[in-house]
Amino acid sequence: MMKQMSRLVLCFVSFGIMLFCSGFAARAAENSNFSGRYQSKDTRKSNSAVILRVTQSDATVEVSKEINGKEMKTTYPLNGSEGDYLSSGGAQGKCKAGFKGKSLILETLVVTRPQPSGAPMRVHTREVWQLSGDAKTLTVKTSVDFPDAPPTVSGLVGDSLADTERYVRIENP
């Protein structure tokens with residue numbers, strides 16, 4: 001009887017371990033791999049093609065963005081911590097990344113001074129990246145808000161800066 005109980009307990013423990021491990025595997029499989037090289041589909045906004053080079057690992061997502069021959073590179077931590085960020089205008093800030101389902105979320109927070117003698121203002125940018133089912137099209141939805149501004153101002157200005165861009169994959173890793 002004791003031998004049967006031991007086997008039964010061992011069976012339940014083994015089953016529990018398998019379920020626990022399969023949960024991690026399912027979450028890892030749920031996250032898309034965005035690594036590759038992409039070109040903007042719509043050149044009307046910047047009058048030239050925007051090239052994205054993305055390198056994704058378990059710990060980070062590195063994004064190089066090239067516009068008119070000028071390249072900016074940012075490394076976003078995927079572990080919940082914040083990394084250093086430098087905007088195209090030279091403002092310093094912090095960045096981070098994470099997954100929500102199959103979407104990649106990239107966030108930046110910079111402090112800027114709209115007026116030289118004015119108070120500093122934080123600018124929060126959030127990009128939601130989604131790959132098409134065949135992984136050939138990348139859609140980036142950008143939203144901007146200003147945590148230090150009154151909600152009506154933040155919403156009004158932020159909404160005017162919201163954008164959706166589409167990129168086509170031109171090279172796999």
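This is a predicted model: local features need pLDDT of at least 70, side-chain atom pairs count only at pLDDT 80 or more; totals for chains, interfaces and linings use all residues.
**Surface patch, nonpolar core and salt bridges**

Val153, Val157 and Leu161 form a nonpolar patch on the surface, and together these residues contribute about 210 Å² of accessible area.

In soluble globular proteins, nonpolar side chains tend to be buried together. The largest nonpolar core of the model comprises 25 residues, and those with the most contacts inside it are Phe34, Tyr38, Leu52, Leu104, Trp129 and Leu138. At least two residues of this core come from each of the strands β2 (50–56), β3 (60–67), β6 (92–100), β7 (103–112), β8 (121–131) and β9 (137–145). When residues up to four places away in sequence are not counted, leucine 52 touches Gly36, Arg37, Tyr38, Val63, Ser64, Lys65, Trp129, Leu138 and Tyr167.

Four salt bridges are present in the structure. One of them pairs arginine 53 with glutamate 66, with 3.3 Å between the closest N and O atoms. Arginine 53 is located in strand β2 and glutamate 66 in strand β3, so this bridge ties together parts that lie 13 residues apart in sequence. Both side chains belong to partly exposed residues: the relative accessible area is 30% for arginine 53 and 24% for glutamate 66.

A second pair consists of aspartate 84 and lysine 94, whose side chains meet at an N to O distance of 2.7 Å. Because aspartate 84 lies in strand β5 (residues 83–86) and lysine 94 in strand β6, the pair ties together parts that are ten residues apart in sequence. Aspartate 84 is exposed, with a relative accessible area of 61%, whereas lysine 94 is partly exposed at 37%.

A salt bridge also joins the side chains of aspartate 148 and arginine 122, at 2.9 Å from N to O. This pair links distant parts of the chain, as aspartate 148 is in the loop between β9 and α2 while arginine 122 is in strand β8, 26 residues apart. Aspartate 148 is partly exposed, with a relative accessible area of 41%, and arginine 122 is likewise partly exposed, at 31%.

How values were computed: Residues are numbered from 1 along each chain as its sequence is written. Side-chain values use heavy atoms; hydrogens and water are left out. A nonpolar core is a set of buried Ala, Val, Leu, Ile, Met, Phe, Trp, Tyr and Cys residues joined through side-chain atoms within 4.5 Å. Buried means under 20% relative accessible area, exposed over 50%, partly exposed in between (1.4 Å probe, protein chains only). Helices (H or I, at least four residues) and strands (E, at least two) are DSSP runs, numbered from the N terminus. Contact means heavy atoms within 4.5 Å. Patches are made of residues with over 30% relative accessible area and no salt bridge: like charges are joined within 9 Å, nonpolar side chains (Val, Leu, Ile, Met, Phe, Trp, Tyr) within 5 Å. Accessible areas come from the Shrake-Rupley method with a 1.4 Å probe; for residues, only the protein chains shown count as cover.
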